[in-house]
Amino acid sequence: MQAIKSLVAASPGPQYLTGDKASIDAFIDKFDVFLFDCDGVLWSGDHLFARIPETIAMLREKGKQLVFVTNNSTKSRGDYKKKFDSMGIAAKEEEVFGSSYSAAIYIARIMKLEAPKNKVYVLGESGVEQELESEKVPYCGGTDPLLRRDMMPEDFKNVANGSLLDDNVAIVLTGLDYHPSYLKYALGMAYIRRGAKFLATNIDSTLPSAGSLFPGAGSTSAPLIKATGQEPLALGKPSQAMMDAIEGKFQFDRKKACMIGDRLNTDIQFGIEGGLGGTLCVLTGVSKKEEFLAAGAEVVPSAYVDELGDLLG
């Protein structure tokens, strides 16, 4: 955070681009690569913001490389491709880099645990499971319907004596879980107390959807953080482990790349800490302009627009 403060102190302040065609064109021309957040930038839930397909098409016509970087762990890259198609946005599956994929890459290619002691206990949805499968990482928990039930008296005894636990679990991975249960948390806590590594796809406090805010993936990891006293290694924005993985896959010059997002403490911080050439905040999601225009603001974008479609001028 101190590095961010230093960068902010050295910058003249964010440039407001909406309605200024010359400045918009000059801003776009500075970059070869644009990294996009999705929820709150392209859409909110199932509501597509105005002129999004046209804006994406315009950037492609200018020869820009596009990468869609999302912290939403409930969807896999394949799921996102289907959503882009349904929204009428031209995008390829290989252009999507989500927090579930980031976690799967980290577990499979960085941690490289020896089988069979390499199983992941998942608190999350099918997006996490699909990406673990894509990297051939074994897992349990997740969408298992047997865990979507009340905690029974005998469960306390069987968690305590280990008979409900899988001895091959070496990692507890949390993402946004739409079906939390006390039993799931009891198992996660037991695995962490046994020595399992505690990871999170992301720890966003909120999820923008349907024009409002809902509990984010941080609400899934919070009970385990409180219960174990441990913080997970988060592998979504603003984690630079995610930035390194993206750069490694897509091979680009960071100084010629711009991060576009709606949330200061994930998207914009991600771009600043990653040393990208610029950051653009859109005001259709979580953060408000008053937050970064205030004196002493810790995270300040290079520029901002009212909505992404404003880049069309």
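Reader: What should I know about the numbering and the values?

Author: Residues are numbered from 1 along each chain as its sequence is written. The model is predicted, local features need pLDDT of at least 70, side-chain atom pairs count only at pLDDT 80 or more, and totals for chains, interfaces and linings use all residues, while side-chain values use heavy atoms, with hydrogens and water left out.

Reader: How do I read a sheet, and what is the strand order in the open sheet of 5 strands?

Author: Strands of a sheet pair through backbone hydrogen bonds, either parallel or antiparallel. Strands (E, at least two residues) and helices (H or I, at least four) are DSSP runs, numbered from the N terminus. Two strands pair if DSSP finds at least two bridges between them. Here the order is β8-β7-β9-β10-β13, with parallel pairing. The edge strands, each pairing on one side only, are β8 (139-141) and β13 (233-234).

Reader: Is the crossover from β9 to β10 right-handed or left-handed?

Author: A crossover is right-handed if, with the strands pointing away from the viewer, the path from the first strand over the helix to the second runs clockwise. The β-α-β unit made by β9, helix α8 (residues 182-193) and β10 is right-handed. Ser181 sits in the loop between β9 and α8.

Reader: How is burial judged, and is Ser181 buried or exposed?

Author: Buried means under 20% relative accessible area, exposed over 50%, and partly exposed in between (1.4 Å probe, protein chains only). Ser181 is buried, with a relative accessible area of 10%. Contact means heavy atoms within 4.5 Å. Apart from neighbours within four places in sequence, Ser181 is in contact with Leu147 and Arg149. In strand β9 (residues 169-174), 6 of its 6 residues are buried.

Reader: What does burial look like in helices α6 and α11?

Author: An α-helix has 3.6 residues a turn, so residues three or four places apart point the same way. In α6 (residues 126-134), the buried residues are Gly127, Val128, Glu129, Glu131 and Leu132. Their cover includes α4 (77-87), α5 (99-111), β7, β8 and β9. Helix α11 (residues 264-273) has 8 of its 10 residues buried, so α11 is largely enclosed by the rest of the structure. Among the buried residues of α11 are Leu264, Ile268 and Phe270.

Reader: How do I read the domains, and what lies between domain 1 and domain 2?

Author: Domain bounds come from an automatic or database domain assignment. The assignment gives domain 1 (14-71 + 238-312) and domain 2 (113-234). Buried area is the accessible area (1.4 Å probe) that two parts lose on being put together, summed over both. The two domains bury about 740 Å² between them, 43% of it on carbon and sulfur atoms. Ser44, Asn71 and Arg263 supply 54% of the area that domain 1 buries against domain 2, more than any other three residues.

Reader: How many salt bridges are counted between domain 1 and domain 2?

Author: A salt bridge is a side-chain nitrogen of Lys or Arg within 4 Å of a carboxyl oxygen of Asp or Glu. The count between the domains is 1. The side chains of Arg263 and Asp204 form a salt bridge at 3.8 Å, N to O.
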